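Here is a short walk through the charged side chains of one structure. Keep the view open while reading.

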Amino acid sequence: MVCFCFLVDQRRKVRRSKPAAGSCSRCGGGASVADMMTQTRFCYVPFYSKSWRAVICTFCGAILKSYR
């Protein structure tokens, strides 16, 4: 009997953010600098986590620039 499990997902979470100068090029909303965390899970078990910093839009949530 063979069983394959291919359920993989990736979640991004904002851990902390503060306002930044500038505006979003897509919607015109304000920008903020955020400490992000990406967690990759395989079959609901987290096996990879990465922290990084990004400039995100406070209105639409688009990532304008990332610092990895």
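A salt bridge here is a side-chain nitrogen of Lys or Arg within 4 Å of a carboxyl oxygen of Asp or Glu. Asp-9, Arg-11 and Arg-41 are joined by such contacts into a network. The model is a predicted one. Across the whole structure, a search turns up four salt bridges.

Arg-11 and Asp-9 pair through their side chains, at 3.9 Å from N to O. That value counts because the cut-off is 4 Å. Arg-11 is partly exposed, at 49% relative accessible area. Asp-9 is partly exposed too, with a relative accessibility of 27%.

Now turn to Asp-35. Which residue forms a salt bridge with Asp-35 at 3.2 Å? The partner is Arg-16, and the 3.2 Å separates the closest N and O atoms. This pair links distant parts of the chain.

Is Asp-35 buried or exposed? Asp-35 is buried, because its relative accessibility is 13% and buried means under 20%. Arg-16, in contrast, is exposed at 55%.

Asp-35 also meets the side chain of Arg-53 in a salt bridge, 2.9 Å from N to O. Arg-53 belongs to strand β3 (residues 45–57) and Asp-35 to strand β2, so this pair ties together parts 18 residues apart in sequence. Arg-53 is partly exposed, with 40% relative accessibility.

Technical notes:
Residues are numbered from 1 along each chain as its sequence is written. This is a predicted model: local features need pLDDT of at least 70, side-chain atom pairs count only at pLDDT 80 or more; totals for chains, interfaces and linings use all residues. Side-chain values use heavy atoms; hydrogens and water are left out. Buried means under 20% relative accessible area, exposed over 50%, partly exposed in between (1.4 Å probe, protein chains only). Helices (H or I, at least four residues) and strands (E, at least two) are DSSP runs, numbered from the N terminus.
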